[in-house]
Amino acid sequence: MTTPTGPVDSSRVPRFAGPATFARLPRTDEVDHTDIAVVGVPFDTGVSYRPGARFGPAAVREASRLLRPYNPGVDIAPFAAAQVADGGDIAVNPYSIQEAVAAVEDGARALLEHGTRMVTIGGDHTIALPLLRALHSRHGPIALLHFDAHLDTWDTYFGEPYTHGTPFRRAAEEGLLDADALSHVGIRGPLYGRGDLEEDRRFGFGVVTAADVMRRGVDEVAGALRERIGDRPLYVSVDIDVLDPAHAPGTGTPEAGGLTSRELLEILRGLAGRRIVGADVVEVAPAYDHAQITATAAAHVAYDLVSLLALESG
Ligand SMILES: N=C(N)NCCCC(=O)O
Ligand SMILES: [Zn+2]
Ligand SMILES: [Zn+2]
C-alpha cells in the first residue's frame, strides 16, 4: 500500500483555516484510491417534524476541523492505516423522495464498486434505506446496529412509505437485513401505541433502551451486541438523537432521557473487530444547535466509525 495522504498538517496551517473537508482530509478526487470515504447526503425531505438536516453534512465537516490523527479510544491512527478521503455530497432532488433515494443508492454503489467503504453523514434517516440496498447487493443480508431514540420501523406517514421514521421497516420487508442480528440502542420516549414494539419485535429487532444503557453500563451492552453480531457483515447507523438533547440539541425529533456522548462513543469503541461494511451518522439539524454541541458530537462519532473501519484495513 502506498502511504495514505493524510489531513492538512495542523502545525503548518491552523485548523481554522482552509476548506472544511471532513477532518481536513483530501478529497477523493485528489487521491488515487480511497479505502474509506466520508460522504455527505444533504437531504431532509423525509422528516416528520423539524426540518434542517440537509445542512448536517456541512455542519459536521466544519466541526471536524479539530479532530487529531491518533484515536486512543481504539488505538489507531485511522488516516495513516487507510486512505480516508472526503467524497463530497451526493446531490439529491429535494422535491422527490423517490428520486433522492435512488440517487443515494447509485452513489453508494459507485463507491462500493471501487472497493471503497463509506461513512455517510446525513441528512435525515431516510437515507439509511438506499445505503442498505447498495450494501445488500454486495454482501447479502446485513446485521444492523441502530442507535436512535426512535424505532424507525413505522409503516407510513401521511401515506408516504419512504420517510425518516420508516427506513428499517422497508429494509426488513425488502430482505436486506439479517433478522438474527438486529439491534436498536437508545430507544426511549412516547410511542403511538404498544403495537409499535410488537411489530418491531416481529421484524427481529432486539431493543436496548436508553435506561438499559444506564442500568447495565456500556461494557456489558457492548459485549452483548458483539455477541449478537458475531462475524456477520454489519451496518452501524447512528441517529444523533440517540443522545440526550443536552448532548445533541440540533436535531429534528428530540426526546428526553438519552445517552451521553461518552456512553455512545464507548459502546462504539466496544465494536472493534466486528466486520463493519458501512456506517452513517444522521439527523444533525444545525439550525437548532448551540455552540456546535451536536455537530461536534456527530464529528466524533464519524471519526470513531472511520477508526473502526480503518482497524479492519490493516
Ligand atoms: N428518525 C428520526 N429521527 N425520527 C423518527 C420520528 C418519527 C416520528 O415523527 O414519529
Ligand atoms: Zn431518531
Ligand atoms: Zn432515526
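1. Welcome to this protein, which has 10 helices and eight strands; these are DSSP runs numbered from the N terminus, with helices (H or I) of at least four residues and strands (E) of at least two. The model is predicted, so local features need pLDDT of at least 70 and side-chain atom pairs count only at pLDDT 80 or more, while totals for chains, interfaces and linings use all residues. Residues are numbered from 1 along each chain as its sequence is written, and chains are lettered from A and ligands numbered from 1 in the order in which they are written.

2. Let us begin with the overall build. The C-alpha atoms fill a box of roughly 55 × 45 × 40 Å along the principal axes. For 314 residues, a compact globule would have a radius of gyration near 20 Å, and the 18 Å of this protein agrees; the radius is taken over C-alpha atoms, and the globule rule is 2.2 Å times the number of residues to the power 0.38. Of the 314 residues, 55% count as buried (20 or more other C-beta atoms within 10 Å of a residue's own, C-beta atoms being placed from the backbone).

3. Now to helix α9, residues 261–269. Its buried residues are Ser261, Glu263, Leu264, Ile267 and Leu268. Seen down the axis of α9, they fall within an arc of 165°, so they line one face of the helix; the arc is that of the directions from the helix axis to the C-beta atoms. They pack against β4, β5, α7, α8 and α10, a contact being two C-beta atoms within 7 Å.

4. Where does UniProt place its "binding site"? The unreviewed entry lists His125, Asp148, His150, Asp152, Asp239 and Asp241; such annotations may be inferred rather than shown by experiment. These residues span 117 residues in sequence, yet no two of their C-alpha atoms are more than 12.1 Å apart, so they gather at one spot.

5. Take a look at two of these residues. Asp152 sits in the loop between β4 and α5 and counts as buried, with 25 C-beta neighbours inside 10 Å. Asp241 lies in the loop between β7 and α9 and is also buried, with 29 other C-beta atoms within 10 Å. Leaving aside residues up to four places away in sequence, Asp152 touches His125, among others, and Asp241 touches residues including Asp148 and Glu283.

6. Finally, the ligand. The residues surrounding ligand 1 include His125, His150, Asp152, Asp239 and Asp241, where the cut-off is a C-beta atom within 6 Å of the molecule.

Note on methods:
A residue is buried if 20 or more other C-beta atoms lie within 10 Å of its own, exposed if 12 or fewer, and partly exposed in between; C-beta atoms are placed from the backbone.
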